[in-house]
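Please look at the sequence and the model below before reading on. The text then goes through the fold step by step.

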Amino acid sequence: MNKPRLIFTLALNGYHLRYRQCIAAQRQYAERVGAEYLAVTKPSVHSLCNEVAWLKLYLIRDALQCGYAEVMFIDADAQPRADAPDFSEAMSVGKSIFAANGYSGRINSGVLIFRAGPESLAFLNRVIAAMTMTLPQEDEVGWGENGHIIHFLKTESRFQRISSRWNNNYCPQMDDYIRHYSAGPLRDMFKPRLSEVIGFYGYRIIMRLLRSIAKAESGGSPSQQLEALCKAVRTNLPRNSALSTATPRITPHIYCENSLPHKK
């Protein structure tokens, strides 16, 4: 029997509305390649703003520990093409971690592929444990986990840089497999429906209000908020998902700052 594979995305704070078309394409892609698909959309709003991106590393680790042989993470604003090949074709023998460069020329963590094994878990543990680490300027992104991914992959022997066709966020003419509408040259090419835009900005307003309330009440450090969010995410996952019973082993420590212009 073939071991299960997982493709998943994070779509909190209104992203499940704005990028509904991308998420639908991801689900179709997973069905086509025979992988389980999971869109993490609840709790739908949280005051941690863009720092919820750290959750992807926790859920990748949980999935590998729960028995998935291969795990692919795709940002909510990334859209697989209808003819995209199976992501296993990007996975070289002898390597465990796969990612492509973004338009800055550095690794973009909007698409990550992991093969189960001790090396993958060790890498994820190392990155998570270093959340408060000050990064060299050349690796800094401004928010989220991408800078830490850039930094630690530089010395990871089991890492394989894959073609940007798997995570194209800069070239409209590329014959890509996954088109990523992140903060870059392709962002304006994505055309959500008006209702999706209105819904998205409604969630963003609520998120900012929650963040203001959290600051005024001093209701827990960002690390405590993320730990609680991890628990809430698992509570809201489908009951048949192996991830719903997983628990994090490392307490996160992050700093949540306002969104800044960034280049990934």
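What follows describes a predicted model, starting with its sheet and ending with a single residue.

Six strands make up an open sheet, and their order across it is β2-β1-β3-β6-β5-β7. The pairing in this sheet is mixed. In general, the strands of a sheet pair through backbone hydrogen bonds, in either a parallel or an antiparallel way. The edges of this sheet are formed by β2 (36-40) and β7 (159-161). Each of these two has a single partner strand, so one side of each has no neighbour in the sheet. On average, and with direction ignored, neighbouring strands are turned by 20° against each other.

One pairing can be followed in detail. Strand β1, residues 5-10, pairs with strand β3, residues 70-74, in the parallel sense, over four bridges. Within this pair, isoleucine 7 is opposite methionine 72 of β3. Helix α2, residues 20-33, lies across β1, β2 and β3, and runs at about 160° to β2.

Next comes helix α3. Ten of its eleven residues are buried, so the rest of the structure largely encloses this helix. The buried residues include Leu55, Leu57, Leu59 and Ile60, and also Lys56, Arg61 and Asp62. After α3 comes glycine 67, with a positive phi near 110°.

The nonpolar cores are the next topic. The largest one has 39 residues, and among them Ile60 and Phe123 touch the most other members. Helix α3 (residues 55-65) supplies the largest share of this core, seven residues. A second, separate core has 25 residues, including Ala11, Ile23, Ala39 and Val111.

What does phenylalanine 123 touch, if residues up to four places away in sequence are not counted? Its contacts are then Ile97, Phe114, Ile149, Phe152, Leu153 and Glu156.

The last stop is asparagine 101, which is in strand β5 (residues 97-101). Is asparagine 101 buried or exposed? Its relative accessible area is 18%, and because buried means under 20%, asparagine 101 counts as buried. A polar atom of its side chain lies 3.2 Å from the backbone oxygen of glycine 105. With neighbours within four places in sequence left aside, asparagine 101 is in contact with Arg106, Ile107 and Asn108, as well as with Arg161, Ser164, Asn167 and Tyr170.

Technical notes
Residues numbered from 1 in each chain as written. Predicted model: local features only at pLDDT ≥ 70, side-chain atom pairs only at ≥ 80, totals over all residues. Heavy atoms only, no water. Buried < 20%, exposed > 50% of the residue type's maximum accessible area, 1.4 Å probe, protein only. Polar contact = N/O pair within 3.5 Å; in protein donor to acceptor, adjacent residues only side chain to side chain. Contact = heavy atoms within 4.5 Å. Core = buried A, V, L, I, M, F, W, Y, C linked by side-chain atoms within 4.5 Å. Pairing = 2+ DSSP bridges. Axes fitted to C-alpha atoms, helices over the stretch in contact; angles between N-to-C directions.
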